[in-house]
Amino acid sequence: PEKVSQIFANTLNRRKKGIRYINNYLAQRGLPAVTADLETEFEKARELLKRKYPSVNTAPRETKAKAMRFLASRGFSM
């Protein structure tokens, strides 16, 4: 089961899903959870934000909130 979990986790990592999404996906299939690499999580979140919201640093508060909701829907934690 650990090998299968890691295969699913790697696949979802390539799709830029967060660790909460990945572990929820694995739990639904009865597989053990995987641990998160914080550096990888941070890089995935940064890449997603750069692609969807290129100027989020200078954006108004509403846009920043929208970006945070976007990341939360992808399974990233605060």
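Predicted model: local features only at pLDDT ≥ 70, side-chain atom pairs only at ≥ 80, totals over all residues.
Let's start inside. The largest nonpolar core brings together 9 residues: A45, L48, L49, Y53, V56, A67, F70, L71 and F76. Two helices, α3 (38-52) and α4 (61-73), each give two or more residues to this core. Once its neighbours within four places in sequence are set aside, F70 is in contact with L48, K52 and Y53. There is also a second, separate core of 7 residues, with L12, I22, L26 and L31 among them. As background, nonpolar side chains in soluble globular proteins tend to be buried together.

Now turn to helix α1, which spans residues 2-14 and holds S5. Is S5 buried or exposed? S5 counts as buried, because its relative accessibility is 2% and the cut-off for buried is under 20%. If you leave out its neighbours within four places in sequence, the contacts of S5 are L26, L31, P32 and V34. Of these contacts, L26 and L31 also belong to the second core.

Finally, have a look at the largest pocket, whose volume is about 350 Å³. Its lining has 14 residues, and those nearest the centre are F42, A45, F76, S77 and M78. Helices α3 and α4 each supply at least two lining residues, with the largest share, 6 residues, coming from α3. What classes make up the lining of this pocket? The lining has 11 nonpolar, 1 polar and 2 charged residues.

Technical notes
Residues numbered from 1 in each chain as written. Heavy atoms only, no water. Core = buried A, V, L, I, M, F, W, Y, C linked by side-chain atoms within 4.5 Å. Buried < 20%, exposed > 50% of the residue type's maximum accessible area, 1.4 Å probe, protein only. Helix = DSSP H or I, 4+ residues; strand = E, 2+ residues; numbered from the N terminus. Contact = heavy atoms within 4.5 Å. 1 Å grid on protein atoms, 1.4 Å probe; cavity = no way out; pocket = protein on both sides within 12 Å on 5 of 7 lines; lining within 4 Å. Points joined across faces, edges and corners; volume = space filled by probe spheres on them. Nonpolar A, V, L, I, M, F, W, Y, C, P; charged D, E, K, R; others polar.
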